[in-house]
Amino acid sequence: MNEILLIDKPDRMSSFAVVAKVRRVLSEQAGYVEIKGKDGVVRQKRKKIKVGHTGTLDPFATGLLILLIGRGTKRANDFLKLDKEYTATIKLGEVSTTGDPEGEITEQVVSEIPNMEAVEKCVERFVGENLQKVPAFSAVKINGQRAYKLAREGKNVEMPVRKVMIYEIEILRYEWPELEIRCKVSSGTYIRALGEDIGSELRTGGYLTKLRRTQVGKYRVEEAEKLSEFGKIGVVEGDNV
C-alpha cells in the first residue's frame with residue numbers, strides 16, 4: 001500500500017484526532033488476521049494500518065491535511081518543505097495570548113482606525129523574506145519539550161527566530177475590525193505570527209479568528225474529501241510530489 005489521502009480537516013479537531021479516525025476506519029476495512037497465541041489458542045486480531053500526517057493544522061484551523069498510508073509514510077519528508085497557501089481572517093483591535101481564538105483575548109486602545117490604503121501598504125511590506133519569531137504556543141521543541149506545553153505551564157521561553165518567505169498576500173476583504181487575506185508562503189511560516197505582526201505594524205493589535213489551508217505544493221483542498229465522508233475518500237496512488 002502506497003497511498004496519499006487528502007482530507008479537508010474540520011475545525012475544533014486536532015490533526016492527530018484526524019489521523020486516529022482515518023487509521024481506525026482503514027483498519028476496519030482491512031479486516032482481521034488470525035494469530036496463534038503462546039497458549040495455542042488462535043484469535044482474530046484487527047489488521048494495523050500505518051497512517052501519518054505531513055504537517056499539522058491547529059485545532060481551530062480547517063483545510064488541506066495530507067495523510068500518508070502504509071509504505072507511503074516513509075515519504076513524509078518529501079512533503080515537509082512544500083510551499084503552502086492559506087486564507088485567514090485577522091481580528092484587528094484585539095490581541096490573543098495564543099494568536100488565535102483559543103487564547104485569552106484583550107481589547108486594544110486604537111487611536112486611529114487604519115483605512116484601506118494604510119492596510120494595503122502594511123500588507124505589502126510583508127511580501128518577501130521575513131524574520132519570524134516562532135509562536136510560544138507551537139509544537140517546536142525547546143530543550144526536548146514542546147513549546148506549547150511550556151507556555152501552558154506559564155514558563156517564559158526564548159523562542160527561535162526563523163527566515164521565512166512570503167510570496168504573495170492578497171487582501172480579500174477589509175471591513176474594520178476584520179481583515180481577510182490570502183497568502184502563499186514557504187514551509188515553516190506561521191500564519192498566526194503573520195496576523196499578529198500585521199496587527200502590530202498597524203498599531204491596532206490583531207489575532208487570527210479563522211485559518212484555512214487551501215494548498216500544499218500541487219495539492220489543493222478542492223481535491224480533498226470531508227472527514228465526515230471518509231468512506232468515499234479520494235486516494236492518489238503512486239503519485240509524485
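**Cavity**

I started with the largest cavity, whose volume comes out at about 30 Å³. This is a predicted model, so I keep that in mind for everything below. Counting cavities of 30 Å³ or more, I get 1. The elements that give two or more residues to the lining are β5 (62–70) and β14 (206–216). I then asked which element gives the most to this lining. That is β5, with 3 residues.

For the record, I wrote down the lining residues: Thr-54, Gly-55, Leu-64, Leu-65, Ile-66, Lys-84, Arg-213 and Val-216. Sorted by type, the lining has 4 nonpolar, 2 polar and 2 charged residues.

**Cysteines**

Next I looked for disulfides. How many does a search of the whole structure find? It finds 0. Cys-122 is in no disulfide, and the nearest cysteine sulfur, in Cys-183, is 13 Å away. I looked from the other end too: Cys-183 has its closest cysteine sulfur in Cys-122, and 13 Å is too far for a bond. The cut-off I used for a disulfide is a sulfur pair within 2.5 Å.

Are these two cysteines buried or exposed? Cys-122 is at 1% relative accessibility, so I log Cys-122 as buried. Cys-183 is at 0%, so Cys-183 goes down as buried as well.

**Helix α3**

Cys-122 took me to helix α3 (residues 116–124), where Val-119, Cys-122 and Val-123 are buried. Looking down the axis of α3, I see its buried residues fall within an arc of 95 degrees, so they line one face of the helix. What do they pack against? I find β12, β13 (178–185) and α5 (191–201).

**Helix α5**

From there I went on to α5. Its buried residues are Ile-191, Arg-192, Ala-193, Leu-194, Gly-195, Ile-198 and Gly-199. I note an arginine, Arg-192, in that list. The buried residues of α5 pack against β6 (84–92), α3, β9 (128–133), β12, β13 and β14.

Leu-194 has a relative accessible area of 1%, so I file it as buried. Skipping residues up to four places away in sequence, I have Leu-194 touching Phe-126, Gln-132, Ile-166, Ile-169, Ile-181 and Cys-183. I also took a C-alpha to C-alpha distance: Leu-194 and Leu-67 are 26 Å apart in space and 127 residues apart in sequence.

**Ile-169 in β12**

Ile-169 turned up in the contacts of Leu-194, and I followed it to strand β12 (residues 161–175). Buried or exposed? The relative accessible area of Ile-169 is 14%; the limit for buried is under 20%, so Ile-169 is buried.

Leaving out neighbours within four places in sequence, I get contacts from Ile-169 to Val-123, Phe-126, Val-127, Ile-181, Arg-182, Cys-183 and Leu-194. Val-123 is one of the buried residues of α3, and Leu-194 is one of those in α5.

**Ser-27 in α1**

I also looked up a serine, Ser-27, in helix α1 (residues 15–30). Its relative accessible area is 8%, so Ser-27 is buried. What is Ser-27 in contact with, leaving aside neighbours within four places in sequence? I get Arg-46, Lys-47, Lys-48 and Ile-49.

Last, I went through the backbone angles. Most residues other than glycine have a negative phi, and most peptide bonds are trans, so I list the exceptions.

A cis peptide bond joins Trp-176 and Pro-177, with omega about 10 degrees. Pro-177 is in the loop between β12 and β13.

Arg-12 has a positive phi, near 60 degrees. I find Arg-12 in the loop between β1 (2–9) and α1. Buried or exposed? At 78% relative accessibility, Arg-12 is exposed.

Arg-203 also has a positive phi, near 60 degrees. Arg-203 follows α5 and lies in the loop between α5 and β14. With a relative accessible area of 75%, Arg-203 counts as exposed.

Terms used. Residues are numbered from 1 along each chain as its sequence is written. This is a predicted model: local features need pLDDT of at least 70, side-chain atom pairs count only at pLDDT 80 or more; totals for chains, interfaces and linings use all residues. Side-chain values use heavy atoms; hydrogens and water are left out. Helices (H or I, at least four residues) and strands (E, at least two) are DSSP runs, numbered from the N terminus. Buried means under 20% relative accessible area, exposed over 50%, partly exposed in between (1.4 Å probe, protein chains only). Contact means heavy atoms within 4.5 Å. On a 1 Å grid over the protein atoms alone, a cavity is a set of points where a 1.4 Å probe fits but cannot get out, and a pocket is an open set with protein on both sides within 12 Å along at least five of seven lines; lining residues have an atom within 4 Å of a point. Grid points are joined across faces, edges and corners, and a volume is the space filled by probe spheres set on the points. Ala, Val, Leu, Ile, Met, Phe, Trp, Tyr, Cys and Pro count as nonpolar, Asp, Glu, Lys and Arg as charged, and the others, Gly among them, as polar. The arc is that of the directions from the helix axis to the C-beta atoms.
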